[in-house]
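User: I am new to this kind of model and would like to learn how to read its features. Could you take me through them step by step?

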Amino acid sequence: MEKLSARQANDLLDVMEIRYQQSSTIIASQIPTSEWYKLIPSPTIADALLDRLLHNSHRIELTGESMRKLDQSDHLA
């Protein structure tokens with residue numbers, strides 16, 4: 001939910017390089033992938049990272065009101 005430093009972006013790319021087409025990786029984010037370019041300082045690293053994350057991926061995008069906002073008493077029964 002905040003911008004990555006250049007070091008953090010490189011470290012994340014290194015991890016994804018190691019895991020790419022070798023292991024499953026699950027990432028949960030409240031930020032759409034279209035907005036990730038604003039959070040990764042280098043466009044080249046952002047392209048490489050998103051390529052490895054999104055290539056052959058299965059994406060589940062949730063919609064609707066946040067469960068935190070709904071009154072829990074309405075859902076207990």
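**Pocket and helix packing**

Analyst: By class, the lining of the largest pocket has 13 nonpolar, 15 polar and six charged residues (Ala, Val, Leu, Ile, Met, Phe, Trp, Tyr, Cys and Pro count as nonpolar, Asp, Glu, Lys and Arg as charged, and the others, Gly among them, as polar). This is a predicted model, in which local features need pLDDT of at least 70 and side-chain atom pairs pLDDT 80 or more, whereas totals for chains, interfaces and linings use all residues. Residues are numbered from 1 along each chain as its sequence is written, and side-chain values use heavy atoms, without hydrogens and water.

User: Which element gives the largest share of the lining of the largest pocket?

Analyst: That share, three residues, comes from α2.

User: How are two packed helices described?

Analyst: One gives the angle between their axes and the distance between the axes. Here α1 (residues 6-19) and α2 (residues 43-54) pack at about 30°, with axes 10 Å apart, which makes α1 roughly parallel to α2 (angles under 35 degrees count as such).

User: Which residues of α1 and α2 meet?

Analyst: Ala9, Asn10, Leu12, Leu13, Met16 and Glu17 in α1 meet Ile45, Ala48, Leu49, Arg52 and Leu53 in α2, where contact means heavy atoms within 4.5 Å. By class, this contact has eight nonpolar, one polar and two charged residues.

Definitions and conventions
Axes fitted to C-alpha atoms, helices over the stretch in contact; angles between N-to-C directions. Helix = DSSP H or I, 4+ residues; strand = E, 2+ residues; numbered from the N terminus. Parallel < 35°, antiparallel > 145°, perpendicular 65-115°, else oblique.
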